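Hi there,

Here is the structure I promised to pass on, with my notes below it. Have a look at the fold before you read on, and tell me what you think.

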Amino acid sequence: MTTPSITREMFDDVMVPNYAPGKIIPVRGEGSRVWDQEGKEYVDLAGGIAVTSLGHAHPGLLGALTSQAEKIWHLSNVMTNEPAIHLAKTLCDLTFAERVFFANSGGEANEAAFKLARRYAWQHFGGEKNEIISFKNSFHGRTLFTVSVGGQPKYLEGFEPAPKGIHHADFNDLASVEKLISDKTCAIVVEPIQGEGGILPGEQSFLEGLRELCDKHNALLVFDEVQTGVGRTGHLYAYQMYGVTPDILSTAKSLGGGFPIGAMLTTAKIAESLGVGTHGSTYGGNPLACAVAQRVIDIVSQPDVLKGVEARSKRLREGMEKIGQQYGVFEQVRGAGLLLGGVLTEEWKGKAKEFLNAGLDEGVMVLVAGANVVRLAPSLIIPESDIDEALVRFERAVAKIAG
Ligand SMILES: Cc1ncc(COP(=O)(O)O)c(C=O)c1O
């Protein structure tokens, strides 16, 4: 199974140094367990980065992938294909959307969303209406447009000049949006729960207020649900939990359960602004990706699976809170469903990575969201016994650091 001549050290010799991967190389996964080259086993509370929504090697996803692989892999968008149409139909049936554009990642889905928002305004109100309001600490991807809309200046540093007309308000502060919005605003872009920014849920009144402001100024409300979508919050999409409906929604990560796919969802009227030839992607709507995502959505949208997220969330949150209290490491465990963040206390601020590394040593994979938050985004169907085992291991890791 492993290729002994491939080592972690080789990474530094052959790869662009934009990542700093951990010291192990995982080679196999099953459910919520992963094994590295040495055969050491881990409980996976990371799910990639909130991606493997049904764990590793899910038999249903394997079946969907292999049966599509035997039929046809690729057609390009010069032809359409059955899995893409089927998936688009399913997404429309289950959400506010009436039209779907497929991409290969979250960043690309957002790129399409932001381009569409500008083009819709240009078509309906003229070229002056091109300003985008997003939020400090937000994250929307790594293309030049998406790092510019994103609210973390460090990701834009050295890549300027950035696209113009982008303003950043304070998250959960409606007054700061009111100061920036005008009839020149074409869109407000927001993560309903800020993910990379620290698992910070949007307040109900804030998201409702954004909807009202958009309606007042003829601006589109764009929800980036790349991290919160596809069951992560116990609802298929977080907008359904809040009861605040966007005009455009981006989704990726959990959608493919580990197979690369992204999508932008919108209404029929808004979609018209991306007419033939205005936007595209060679791989977007790839049959393999759509067949896998179809199975993911079919499974995740079942009421008992979504309900199961809530039960698992409670178990995991309570376990983390207990560890937090016992060792004084978390001031709060926040988030929704299976997107949880342990916010480090003053004493441990800036040290989230230490908890991640100690977790790996003890056989549990966790994530960070910035330097102050330990993030958990496991499989939506992680067995409860794996949650318990992960908590035992994570407690051992915390005890080593803070015991
Ligand atoms: C909210 C959000 N939007 C967009 C992205 C970018 O997605 P991708 O890395 O698939 O381009 C991410 C990735 O972390 C994300 O969390």
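A word on naming before anything else: helices (H or I, at least four residues) and strands (E, at least two) are DSSP runs, numbered from the N terminus. Please keep in mind, too, that this is a predicted model.

Helix H4 (82-94), strand E4 (99-103) and strand E12 (262-266) each contribute at least two lining residues. Sorted by class, the lining has 15 nonpolar residues, 16 polar ones and two charged ones.

Next, the sheets. Going through the pairs in order:

- E1 and E2 run antiparallel and are joined by four bridges; glutamate 30 is opposite arginine 33 in E2.
- Strand E2 (residues 33-36) and strand E3 (residues 41-44) are antiparallel as well, with three bridges, and tryptophan 35 faces glutamate 41 in E3.
- E3 and strand E15 (residues 364-365) run parallel and share two bridges; aspartate 44 has methionine 365 in E15 as its bridge partner.

The E2 and E3 pair is also a hairpin, with four residues between the strands. In its turn, glycine 39 has a positive phi of about 90 degrees.

A second open sheet of four strands has the order E13-E14-E17-E16, with antiparallel pairing. Which strands are at its edges? They are strand E13 (330-336) and strand E16 (367-368), each of which pairs on one side only. Six bridges link E13 with strand E14 (residues 339-344) in the antiparallel sense, and arginine 334 has glycine 341 in E14 as its bridge partner. This sheet has a helix across it too: helix H12 (residues 303-327) lies across E13, E14 and strand E17 (373-376), and runs at about 170 degrees to E13.

There is also a parallel pair worth a look. Strand E5 (residues 131-135) and strand E6 (residues 166-169) run parallel and are joined by four bridges. Isoleucine 133 has histidine 167 in E6 as its bridge partner. Together with helix H6 (residues 144-149), E5 and E6 make a right-handed β-α-β unit.

Finally, two backbone details to check when you have the model open. Where does proline 161 lie? Proline 161 is in the loop between H6 and E6, and the peptide bond that joins glutamate 160 to proline 161 is cis, with omega about 5 degrees. The other detail is serine 76, which has a positive phi of about 70 degrees although it is not a glycine. Serine 76 is placed in the loop between helix H3 (59-69) and H4.

That is what I have for now. I would be glad to hear your thoughts once you have had a look.

Best wishes

How values were computed: Residues numbered from 1 in each chain as written. Predicted model: local features only at pLDDT ≥ 70, side-chain atom pairs only at ≥ 80, totals over all residues. Heavy atoms only, no water. Pairing = 2+ DSSP bridges. Right-handed = clockwise from strand over helix to strand, strands pointing away. Contact = heavy atoms within 4.5 Å. Axes fitted to C-alpha atoms, helices over the stretch in contact; angles between N-to-C directions. Nonpolar A, V, L, I, M, F, W, Y, C, P; charged D, E, K, R; others polar.
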